[in-house]
Each structure stands twice: as structure tokens, then as C-alpha cells.
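Visitor: Please show me the sequence and the structure, then take me through them by question and answer.

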Amino acid sequence: MFIFNSSIGKKFIQSITGAFLVIFLLLHATINFFSVIDSFTGKFGAVAADHDLFSKGDGLFKLGCDFMSTPIISIMVPVLALGFVIHIVYGCWLTYQNIKARGGYKRYEVASKAAADSWSAKNMLVLGIIILGLIAFHLTHFWAKMQLPELFGVGNYEDNPYLLLKVTFSKWWLLLIYIAWFVAVFFHLAHGFWSMFQTVGWSGQTWFKRVKVIGIIVAAILFFMFAAVGINAFLHANGIIG
């Protein structure tokens with residue numbers, strides 16, 4: 001098929017699945033950042049005794065996790081996550097094919113000099129492998145203890161997301177691993193965001209500069225939101241803040 005065999009088709013697939021990645025990260029960054037807001041409002045760790053959705057007295061982060069459990073989100077998130085995984089795996093496969101075709105490690109060809117000068121563009125395979133590897137690591141901390149038991153009845157369900165945050169980020173080296181992951185996501189998005197729009201035709205000189213700046217801003221916001229969540233949970237877990 002044209003979409004799988006042509007260079008444009010392959011980039012189009014990466015662009016569409018890349019959009020899934022951006023939406024997935026924005027959704028999760030927003031929900032997780034609620035835990036930081038809870039720290040300022042004194043609601044960090046506030047979880048009602050019942051198991052009802054949107055219980056009175058729950059902290060904002062718990063309410064956000066309840067929102068993620070609603071039917072429409074329960075359907076949407078796996079779809080976005082699948083697009084996320086396809087984007088990373090397919091990108092790694094395309095890079096391997098390019099390496100094989102050229103007989104050595106070279107980044108895939110890009111039209112603009114800005115892309116050619118980008119460290120991110122030259123190392124998308126490495127970034128993709130780091131991100132994909134740490135996804136599995138991350139799933140064991142949260143998805144396996146909340147969504148997996150809830151959706152499939154596998155394992156023990158944990159209804160206190162604050163506890164999971166504190167357990168996950170209680171050790172400094174785990175925090176550093178996650179921050180390294182967030183850095184990889186930043187560089188991947190900083191390149192991938194404008195590349196996605198370039199593929200669909202927004203490659204003019206004026207729009208290219210704007211989209212590139214917007215991409216860096218979006219990537220930076222996501223990085224700082226995720227990093228703030230991890231650092232905040234580490235401080236709570238170690239009693240540095242109450």
C-alpha cells in the first residue's frame with residue numbers, strides 16, 4: 001500500500017501517531033499535576049473512605065484519577081496509548097530500515113537545515129528506545145496497580161493514587177530515572193512536534209519558525225509538569241513537606 005511503502009506515507013503515519021502521543025502526554029501531565037496543586041491547597045493525600053467516583057473530600061488529583069475511570073476516558077486512553085506505542089515502535093523500525101539501507105547509522109533525511117542541525121533529529125532512535133523502555137517500567141508502578149485490576153480484574157487494586165506516587169518517587173534514584181525519561185520526552189517532542197506539522201504541509205518559512213517555537217514550549221511545559229510531580233511526591237514521601 002502507498003501509505004506503508006512511500007516515504008510520505010510513512011511520515012504521515014508517524015505524524016498521526018505522534019499527535020496521539022502529544023494528546024496522551026498532555027492529558028496525563030494535567031491529571032498528575034493536580035497532585036502538585038493539592039500540596040498547595042492542603043489536599044495532598046485526601047482520599048474518601050468509600051470507593052465511589054468523585055467522592056466529597058477527595059483531593060483534586062484523586063478526582064482527576066476518578067475522571068480517568070469514566071467510561072469514555074477508559075476507552076479513549078487505551079486508544080491513545082496504542083497510538084503512542086505504535087509511534088515509538090514504528091519510528092524505531094523506520095530508523096532501522098534507514099540504517100540498513102544506507103549501510104550505517106544516519107538519521108532519516110529531513111528537508112530543512114534546522115532539522116539537520118537538531119540533536120534531537122539525529123538521535124530519535126535512541127530517544128525512542130529510552131522512552132519505550134521506561135514506559136514498561138512506568139506501567140508496573142501505576143497502570144498495573146490501578147487500570148489493570150479495574151479493567152481486567154488482574155492484581156490488587158489500589159484506590160489511593162497519592163500512595164502510589166509516594167512509593168514510586170520515594171527513592172532519589174527512581175526520581176532521577178524518571179527525570180531522565182522526562183528529558184528524553186522533551187527532546188523527542190521538541191523535534192517531533194514541528195516535524196509532524198511539516199509532514200502535513202506547514203513547512204513555510206514563517207509557519208516553520210512559529211511551529212518550532214510552539215513545539216519547544218509544549219515540550220518544556222510537559223517536562224516541568226512531570227518533573228514537578230515527581231519532585232513533589234519525593235518531598236512528601238521523605239517527610240520534607242507535609
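**Confidence and fold**

Guide: In this predicted model, mean confidence in the protein is lowest in helix α5 (residues 113-116), at 44, and highest in α3, at 93. The score is pLDDT, the predictor's confidence in each residue, from 0 to 100; helices are DSSP runs of H or I with at least four residues, and strands are runs of E with at least two, numbered from the N terminus. Residues are numbered from 1 along each chain as its sequence is written, and side-chain values use heavy atoms, without hydrogens and water. Local features need pLDDT of at least 70 and side-chain atom pairs count only at 80 or more, while totals for chains, interfaces and linings use all residues.

Visitor: How many helices and strands does the protein have?

Guide: Read along the sequence, the pattern is α-α-α-α-α-α-α-α-α-α-α. The count is eleven helices and zero strands.

Visitor: Is Ile135 buried or exposed?

Guide: Ile135 is found in helix α7 (residues 124-139), and beyond four places in sequence its contacts are Phe84 and Trp181. Buried means under 20% relative accessible area, exposed over 50%, and partly exposed in between (1.4 Å probe, protein chains only). Because its relative accessibility is 12%, Ile135 counts as buried.

Visitor: Which side chain of opposite charge is nearest to Asp38?

Guide: Asp38 lies in helix α2 and is buried without a salt bridge, that is, a side-chain nitrogen of Lys or Arg within 4 Å of a carboxyl oxygen of Asp or Glu. Lys and Arg count as positive and Asp and Glu as negative, with His and the chain ends not counted. Beyond four places in sequence, the contacts of Asp38 include Phe44, Leu60 and Tyr162. The nearest side chain of opposite charge, 7.6 Å away, is Lys43.

Visitor: Which residues make the nonpolar surface patch of about 270 Å²?

Guide: Patches take residues with over 30% relative accessible area and no salt bridge, joining like charges within 9 Å and nonpolar side chains (Val, Leu, Ile, Met, Phe, Trp, Tyr) within 5 Å; areas come from the Shrake-Rupley method with a 1.4 Å probe, and for residues only the protein chains shown count as cover. Phe54, in the loop between α2 (7-41) and α3 (60-68), counts as partly exposed because its relative accessibility is 43%. The patch is made by Leu53, Phe54 and Phe67.

Terms used. Contact = heavy atoms within 4.5 Å.
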